[in-house]
Amino acid sequence: MITLLLTKSETFLAIQGDIGLTIKVGLFSGLREDEIIYMHNKEICTNLGGCSCNKMHAFNKSNSLTVVVINWFRGHKKCYFTILPTAIWEQFRNISNFTDVDIDVAHKLTKKIANVMFVELRKLHYNVMRRVMDMNEADILAGRAKSVSAKHYAMYELDKLTEDYAQAWNKFGVNISENI
């Protein structure tokens, strides 16, 4: 499994352009396809304080990572927040238009070059995170935790989560502080 993850992540990181960026967002965020579209299109709050509005909140951390608080819930599917390399987050938000068509194109490419469906990037992400994070932490990023746990981590443990995130990717030879 580890060799497979290492090989696939290297393949995905080598893809350039908007399609490569879409794949990197899928791989590094661990979000579902509809959550990626939502994250791109949702307005970001400019209030830097403890705001409880319905907009997204993005916090750039000192370790070249950005925590994006999404808080989008549909039925039993939950998306509390994600962590992304800041460079990827900024490039992604600067794309003027992003839809399911972009994900469809990325899916076709990941399937063709690595025999991996785009939706499987979420599983790859989870497996990378589990190499360093405990199950509760990885489950929070995957939207599987209880809201109380997610709120606790969002308020008190973001620095630890971002450090663990960077360490997890580093185990697979990906230095997130480099220009990915």
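Colleague: Which residues does Leu109 touch, not counting residues up to four places away in sequence?

Modeller: Leu109 lies in helix 5 (residues 100-114). Helices (H or I, at least four residues) and strands (E, at least two) are DSSP runs, numbered from the N terminus. A contact means heavy atoms within 4.5 Å. With residues up to four places away left out, Leu109 touches Ile15, Ile19, Ile23 and Ala114.

Colleague: Which atoms do the side-chain values use?

Modeller: This is a predicted model: local features need pLDDT of at least 70, side-chain atom pairs count only at pLDDT 80 or more, and totals for chains, interfaces and linings use all residues.

Colleague: How far apart in space are Leu109 and Gly20, C-alpha to C-alpha?

Modeller: Leu109 is partly exposed, at 24% relative accessibility. Buried means under 20% relative accessible area, exposed over 50%, and partly exposed in between (1.4 Å probe, protein chains only). Leu109 and Gly20 are 89 residues apart in sequence, yet their C-alpha atoms are separated in space by 9.2 Å.

Colleague: In what order do the elements of the chain run from the N terminus on?

Modeller: The chain has nine helices and three strands. From the N terminus on, the order is α-α-α-β-β-β-α-α-α-α-α-α.

Colleague: Among contacts between residues at least 6 apart in sequence, what percentage join residues at least 24 apart?

Modeller: The chain has 180 residues, and 46% of them are buried. Take the contacts between residues at least 6 apart in sequence: the share that joins residues at least 24 apart is 62%.

Colleague: Which residues touch the most other members of the largest nonpolar core?

Modeller: A nonpolar core is a set of buried Ala, Val, Leu, Ile, Met, Phe, Trp, Tyr and Cys residues joined through side-chain atoms within 4.5 Å. In soluble globular proteins, nonpolar side chains tend to be buried together. The largest core here has 52 residues, and those touching the most other members are Phe12, Met39, Phe81, Met129, Tyr165 and Trp169.

Colleague: What kind of aromatic pair do Tyr165 and Trp169 form?

Modeller: Tyr165 is buried, with a relative accessible area of 0%, and Trp169 is buried at 1%. Rings of Phe, Tyr and Trp (its six-membered ring) pair if their centres lie within 6.5 Å; planes under 30 degrees apart count as stacked, over 60 as edge-to-face and the rest as tilted. The whole structure has five aromatic pairs. In this one, the centres are 6.5 Å apart and the planes stand at 65°, which makes the pair edge-to-face.

Colleague: Why do the buried residues of helix 4 line one face of the helix?

Modeller: In helix 4 (residues 86-94), the buried residues are Thr86, Ile88, Trp89 and Phe92. The arc is that of the directions from the helix axis to the C-beta atoms. Seen down the axis, these buried residues line one face because they fall within an arc of 160°.

Colleague: Where is Ser64 found?

Modeller: Most residues other than glycine have a negative phi, and most peptide bonds are trans. Ser64 has a positive phi, near 65°. Ser64 is partly exposed, with a relative accessible area of 30%. Its place is the loop between strand 1 and strand 2.

Colleague: Leaving aside neighbours within four places in sequence, which residues are in contact with Asn71?

Modeller: Asn71 is found in strand 2. Its phi is positive too, near 45°. At 44% relative accessibility, Asn71 counts as partly exposed. Beyond four places in sequence, Asn71 is in contact with Cys79 and Tyr80.

Terms used: Residues numbered from 1 in each chain as written. Heavy atoms only, no water.
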